[in-house]
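Q: I would like to learn how to read the features of a protein model, one at a time. Could we go through the one shown here together?

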Amino acid sequence: MILEEIMSTEVHTLSADDTIKDALQLMEEKKIRHLPILSADGSLAGVVTDRDIKEAIPSTLIGKQDSALYETPLSDIMTRNPMVGHPLDFVEDAAVLFYETQIGCLPVISAGRLAGIITETDLLYTYIELTGASQPGSQMEVRVPDEPGVLFGVSKVFYKHNANVLSVLVYPDKNSSDHKVLVIRVKTMNPLPIIEDLRKEGYEVLWPNVPGIDR
């Protein structure tokens, strides 16, 4: 999946000459926490976040509209030369960037112009959608050998039960470099027959650990 598929294209922006007061009003009105700041030629000049504003205005002055701090231009508090993405960048790479740099948003630039924006909330929602966590179903964890063809073997069990697999995630096994853990979400509320057949095929089902079914 690429950023173009999940980015918000309706981006609210301000200029470097606008003030903290302008930013607060726009953030409150649009229920947002990140504002790209554009130059006169339309290029990205920086980013202002709600955290930048909180650092610029002491909590004791918040809500006092006569404070001169509210007239501070955004050029004084914005992050210049922020990290940016491209519409064709992979979502996974963006997620790594968010994690490693602790940023809260990623402006997406195409042909030198702002094309969209990605936030932490966008990434979280995408993860929920990709894993099928928002849909009713059951989750199971299966420990398998780290070898070619194993996923095909596991999938045959689900096919036998006509079970609709919503997502499959693969994690390293912390206890063995020769194994992987498959986290499978399936669209059924009764996974017991599937679990039983997985174990008959020699696969170790770690979760759910159902009493009464031989391991």
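A: Let us begin with a contact, which means heavy atoms within 4.5 Å: leaving aside residues up to four places away in sequence, Thr49 touches Met27, Arg33 and His34. This is a predicted model, in which local features need pLDDT of at least 70 and side-chain atom pairs count only at pLDDT 80 or more, while totals for chains, interfaces and linings use all residues. Residues are numbered from 1 along each chain as its sequence is written, and side-chain values use heavy atoms, with hydrogens and water left out.

Q: Where is Thr49 found, and is Thr49 buried or exposed?

A: Helices (H or I, at least four residues) and strands (E, at least two) are DSSP runs, numbered from the N terminus, and Thr49 belongs to strand 3. A residue is called buried under 20% relative accessible area, exposed over 50%, and partly exposed in between (1.4 Å probe, protein chains only). Thr49 has a relative accessible area of 16%, so it counts as buried.

Q: Which residues of helix 2 are buried, and what covers them?

A: In helix 2, which spans residues 20-30, the buried residues are Ile20, Ala23, Leu26 and Met27. Seen down the helix axis, they fall within an arc of 130° (taken from the directions from the axis to the C-beta atoms), so they line one face of helix 2. Their cover includes strand 1 (14-15), strand 2 (34-38), strand 3 (44-49) and helix 3 (50-56), whereas Glu28 and Glu29 are exposed on the other side of helix 2. After helix 2 comes Lys31, with a positive phi near 55°.

Q: How should I read a sheet, and in what order do the 4 strands of the open sheet stand?

A: Strands of a sheet pair through backbone hydrogen bonds, either parallel or antiparallel. Two strands are taken as paired if DSSP finds at least two bridges between them. Here 4 strands form an open sheet in the order 1-2-3-4, with mixed pairing. Strand 1 and strand 4 (79-80) stand at the edges with a single partner strand each, so one side of each has no neighbour in the sheet. Strand 1 pairs with strand 2 in the parallel sense over 2 bridges, and Leu14 stands opposite Ile37 in strand 2.

Q: How many bridges join strand 5 to strand 6?

A: There are 6 bridges between strand 5 (residues 105-110) and strand 6 (residues 113-119), and the two run antiparallel. Together they form a hairpin with 2 residues between them, where Ala111 in the turn has a positive phi of about 55°. Leu106 stands opposite Ile118 in strand 6.

Q: What is a salt bridge, and how many are found in the whole structure?

A: A salt bridge is a side-chain nitrogen of Lys or Arg within 4 Å of a carboxyl oxygen of Asp or Glu, and a search of the whole structure finds 6 of them. One of these joins Arg143 and Asp173, whose closest N and O atoms are 2.4 Å apart. Arg143 lies in strand 7 and Asp173 in the loop between strand 8 and strand 9, so this pair ties together parts that are 30 residues apart in sequence. Arg143 also meets Glu204 in a salt bridge of 3.2 Å, N to O. Because Glu204 lies in strand 10, this second pair ties together parts that are 61 residues apart in sequence.
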